[in-house]
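Biologist: I'm new to this one, could you walk me through it?
Modeller: Gladly, let's bring it up first.

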Amino acid sequence: MEGSIAQIKHLSHRYSKDWAIRDINFEISNKGILGLLGSNGAGKSTTMNILCGVINQTEGEAFIDGINVRENPVEAKKLIGFLPQKAPLHLELTVDEYLTHCAHLRSIPTEKIKTALELAKAKCGISHFSKRVLRNLSGGYQQRVGLAQAIIHNPKLVVLDEPTNGLDPNQILEVRKLIKEIAEDRAVILSTHILSEVQATCDNIVMIENGQTVFSDTLYAFNNYIEPDTLIMEMENAPSNDELLSIHGVTGVEIINKNKLRIRFSTGPEITKTLIATCVMKNWPLTEIYLEKTSLDGVFAQLSKKPQDKFTETISEISGN
Ligand SMILES: Nc1ncnc2c1ncn2[C@@H]1O[C@H](COP(=O)(O)OP(=O)(O)OP(=O)(O)O)[C@@H](O)[C@H]1O
């Protein structure tokens with residue numbers, strides 16, 4: 001990839017006897033957000049911890065700006081800011097005390113620390129909380145302080161492990177907005193098990209399951225690749241299942257309640273037009289129809305079902321086909 005800041009090559013890791021990740025490969029471009037998507041236990045944290053030099057891999061290599069993380073961890077780590085799943089905050093310190101401590105850990109020269117603090121605080125919207133003890137900040141603001149420590153030394157790559165975990169919906173939106181701002185002038189990789197999180201924030205997606213890559217491309221390609229295959233119809237006096245199943249493309253009907261049905265289809269989202277036309281023709285009182293959002297499990301199931309593409313080999317290995 002042209003203009004990439006990090007490369008992961010044939011990365012595998014085994015904690016004891018079981019492999020946590022197996023032959024992971026991807027690159028991170030200089031700017032923008034790469035989402036590392038996968039369900040719990042997929043291997044995201046393991047991959048990120050190796051990239052950040054927190055653990056040493058069993059096999060393969062990770063490079064930051066051409067520097068081999070394992071061979072030259074001190075130099076590689078200078079280029080990375082890391083916010084692990086549990087933010088490394090000292091709750092008894094004020095924001096300024098904590099960030100000053102982080103600046104020293106990052107070996108920022110003493111005369112430059114004040115400016116570094118001001119810039120990081122301004123970027124993360126916490127300048128007005130400089131004297132506030134961390135324990136007395138809300139979860140969302142504590143996470144902002146975690147992000148400030150990750151960018152205090154102006155790194156080229158910021159690594160965020162489940163950065164919105166445990167936040168309320170408003171805080172999630174604010175932190176996502178902040179992450180996008182941080183990615184305007186550097187690369188960000190964020191791991192998440194939340195499908196909507198990558199769709200809301202990321203430019204590129206690497207999806208891993210059971211420690212192996214099952215998708216790696218742009219968000220645009222991902223959204224085109226993943227098509228819904230169920231929709232909801234709400235109507236008074238729903239027709240019989242047999243009548244619905246006789247419509248071309250309908251492969252299943254599930255009754256959610258008296259007026260609400262889940263329709264499974266095989267022909268693509270344009271089936272909604274056919275269904276609406278049928279309702280009009282047969283005088284069925286349709287009140288609402290909408291495609292269902294695909295869940296992470298659904299995405300994985302769809303990826304596993306597409307035999308013609310480049311991920312076939314990996315997927316059939318995972319699903320044991
Ligand atoms: N320290 C460890 N010792 C042994 N096994 C581990 C250790 N850390 C992780 N694992 C195992 O490695 C696999 C990958 O875990 P990892 O934490 O990387 O996944 P994850 O995608 O980050 O999941 P989560 O979102 O739940 O943290 C899992 O099967 C997990 O149980």
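**A first walk through the chain**

Modeller: The chain's secondary structure comes to 12 helices and 14 strands, where helices (H or I, at least four residues) and strands (E, at least two) are DSSP runs numbered from the N terminus. This is a predicted model, in which local features need pLDDT of at least 70 and side-chain atom pairs count only at pLDDT 80 or more, while totals for chains, interfaces and linings use all residues. Residues are numbered from 1 along each chain as its sequence is written.

Biologist: How is the chain divided into domains?
Modeller: Domain 1 covers 4-225 and domain 2 covers 230-291, with bounds taken from an automatic or database domain assignment. Their C-alpha centres lie 44 Å apart.

Biologist: Which order do the strands of the open sheet have?
Modeller: The six strands run 6-7-8-3-9-10 with mixed pairing, two strands being paired if DSSP finds at least two bridges between them. Strand 6 (80-83) and strand 10 (212-218) are at the edges with a single partner strand each, so one side of each has no neighbour in the sheet.

Biologist: And in which sense do strand 7 and strand 8 pair?
Modeller: Strand 7 (residues 157-161) and strand 8 (residues 187-192) are parallel, over five bridges, and leucine 160 has leucine 190 in strand 8 as its bridge partner.

Biologist: What does helix 6 touch?
Modeller: Helix 6 (residues 169-182) packs on the sheet, in contact (C-beta atoms, placed from the backbone, within 7 Å) with strand 3 (32-37), strand 7 and strand 8.

Definitions and conventions
Two residues are in contact if their C-beta atoms, placed from the backbone, lie within 7 Å. Axes are lines fitted to C-alpha atoms, for helices over the stretch in contact, and angles run from 0 to 180 degrees between N-to-C directions.
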